[in-house]
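Student: I have a structure open and want to go through a few spots. Can we start with the strands and then look at single residues?

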Amino acid sequence: MHEVGIMNDILEIAVDAAKNAGGSKISALRVRVGELSGVVPDALSFAFDVVASSTIAAGATFTIDTVEATCLCTECGKERIGASPAACPDCGGRSIISNGYELLVSSIEVD
Amino acid sequence: MAIEKAVLGKNQAAADRLRDRYLRSKTLVINIMSSPGSGKTALLEKTLAQLGASFRTAVIVGDLATDNDARRLSGHGAEIVQVTTGGYCHLDAGMVTKAIDEIAGQDLDILIIENVGNLVCPSAFDLGEDLRIGLLSVTEGEDKPVKYPSLFSRVEAVVISKIDIADVVGWSRPDAIAALAVAAPRAKVFELSSRSGTGMDAWIAWISERIADKKAG
C-alpha cells in the first residue's frame, strides 16, 4: 500500500514530460501496471484522484493497462501465462518470469 | 505522446549506485523480507551471534515505528542502524543509502537489511542487494508463496522458520514444499528454528559461503 507515493512519482514523470513538450495541461495519462509490481490498480486510481487534483493533470483521464504475469522457457522459447517459473511443461527447460513486474508511465496527452 | 518511463527509475538508479559500492567493498548484501511476526529479528539475533566472531557485520533494520528490533539485535558484535519509516510500508534504496552513511565501520563483510514486515511492497524496491531472502513461518499458511508471488518469485532462498512448533500448529511440510515448487522453484530452502537452533548450521554455512564468494569476486 504505497500507491500514493507511486502516484507522486508517476505525476512527476508525467508533468516533467508535459512541461518539456511545452504543454500546460495533461488531458490523459496512461500507465502500465504488472500483476507482480506490488501495486493495486484500484488503490492507484484512488491515489490519482487525490494527488492529481493539485497538478496540471487535474481532471485528466487516467487509464491503467494491467499486465498479466507470464513465464518464458529459456530453451524452447514458449511463453505461458502465470507467475510460476517452474520447469517448462513442454520441454522441461528453465523458465523465467517474462512479464508482470512492469510499472511504467506509458503515455500522456497534452493540451 | 509516448513516455515509456519506469516509475521506480529513481529507486533503480540509487540501487545501482549501492550495488556498485558493495561491489567495490566486496560486501555481501542480503535483503530479508517476510510478513510481520515471522521471526526475522529472532533469526538475525542467532545469525549475528554465530557470524559475529568471523565476519565484520552490520544490520539495517526497517520498521514502521520504534527501535525495539535494533535494541534486540545489539550486543552481538554487529553495528545496527534502525530506520524508522514513519508508516511507510517498505525500505527504498534512498533510505538504505542514508542508513549506510550512519555505519561507522565501512569495511564490512556482510550487510544484512531487515526489511519492513510486509509481503507485498518491499519486493518492488531494489536495494542493490546480492541476495533476497523470504521468510515463511510455520504459523502462516503453507500457500503464502503462491499467494504472494511478487515476493517469492524473486528470492534466492526461503527460510521456513519456527519449525520447532510445526506439529503443534498443524504445518503441512509437503504442502509448503509444493507451493514453493510453483512460486520459487529455484530458491534454496532452509527449515530451521531460531529458538531451538535446529537447522541453523546449514543456514550459517550457506551465508558464510556466499560471503566468501563475494570476497573472491
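Student: Which residue in S6(A) stands opposite Val33(A)?

Tutor: Leu103(A) is the residue across from Val33(A). Keep in mind that this is a predicted model.

Student: How do S1 and S6 of chain A pair, parallel or antiparallel?

Tutor: Antiparallel: strand S1 (residues 26-34) of chain A and strand S6 (residues 103-110) of chain A are joined over seven bridges.

Student: What is the strand order in the open sheet?

Tutor: The order is S2(A)-S1(A)-S6(A)-S1(B), four strands with mixed pairing. The edges are taken by strand S2 (61-67) of chain A and strand S1 (2-6) of chain B; each has a single partner strand, so one side of each is without a neighbour in the sheet. On average, neighbouring strands of this sheet are turned by 20° against each other, direction ignored.

Student: What holds paired strands together in general?

Tutor: Backbone hydrogen bonds, in either parallel or antiparallel pairing.

Student: Moving to chain B. How do S7 and S8 pair there?

Tutor: Strand S7 (residues 157-161) of chain B runs parallel to strand S8 (residues 188-191) of chain B, with four bridges between them. One of the bridge pairs is Ile160(B) with Glu191(B) in S8(B).

Student: And through which helix does the chain cross from S7(B) to S8(B)?

Tutor: Through helix H7 (residues 173-183) of chain B, in a β-α-β crossover that is right-handed.

Student: New topic: Thr85(B). Where is it?

Tutor: Thr85(B) lies in the loop of chain B between strand S4 (79-84) and helix H4 (93-101).

Student: Buried or exposed, and why does Thr85(B) count that way?

Tutor: Buried, because its relative accessibility is 14% and the cut-off for buried is under 20%.

Student: What does Thr85(B) touch, apart from neighbours within four places in sequence?

Tutor: Its contacts are Asp63(B), Leu64(B), His90(B), Leu91(B), Met95(B) and Val116(B).

Student: Last one, Ser25(B). Which helix is that in?

Tutor: Ser25(B) belongs to helix H1 (residues 9-25) of chain B. Ser25(B) counts as partly exposed, because its relative accessibility is 25%.

Student: Which side chain does the Ser25(B) side chain make a polar contact with?

Tutor: That of Thr27(B), at 2.8 Å. Not counting residues up to four places away in sequence, Ser25(B) touches Leu108(B) and Lys215(B).

Student: How far is Ser25(B) from Gln106(B) in space?

Tutor: 8.2 Å, C-alpha to C-alpha, while the two are 81 residues apart in sequence.

Note on methods:
Residues are numbered from 1 along each chain as its sequence is written. Chains are lettered from A and ligands numbered from 1 in the order in which they are written. This is a predicted model: local features need pLDDT of at least 70, side-chain atom pairs count only at pLDDT 80 or more; totals for chains, interfaces and linings use all residues. Side-chain values use heavy atoms; hydrogens and water are left out. Two strands pair if DSSP finds at least two bridges between them. Helices (H or I, at least four residues) and strands (E, at least two) are DSSP runs, numbered from the N terminus. Axes are lines fitted to C-alpha atoms, for helices over the stretch in contact, and angles run from 0 to 180 degrees between N-to-C directions. Buried means under 20% relative accessible area, exposed over 50%, partly exposed in between (1.4 Å probe, protein chains only). Contact means heavy atoms within 4.5 Å. A polar contact is a pair of N or O atoms within 3.5 Å; within protein, one must be able to donate a hydrogen and the other to accept it, and residues adjacent in sequence count only if both atoms are side-chain atoms. A crossover is right-handed if, with the strands pointing away from the viewer, the path from the first strand over the helix to the second runs clockwise.
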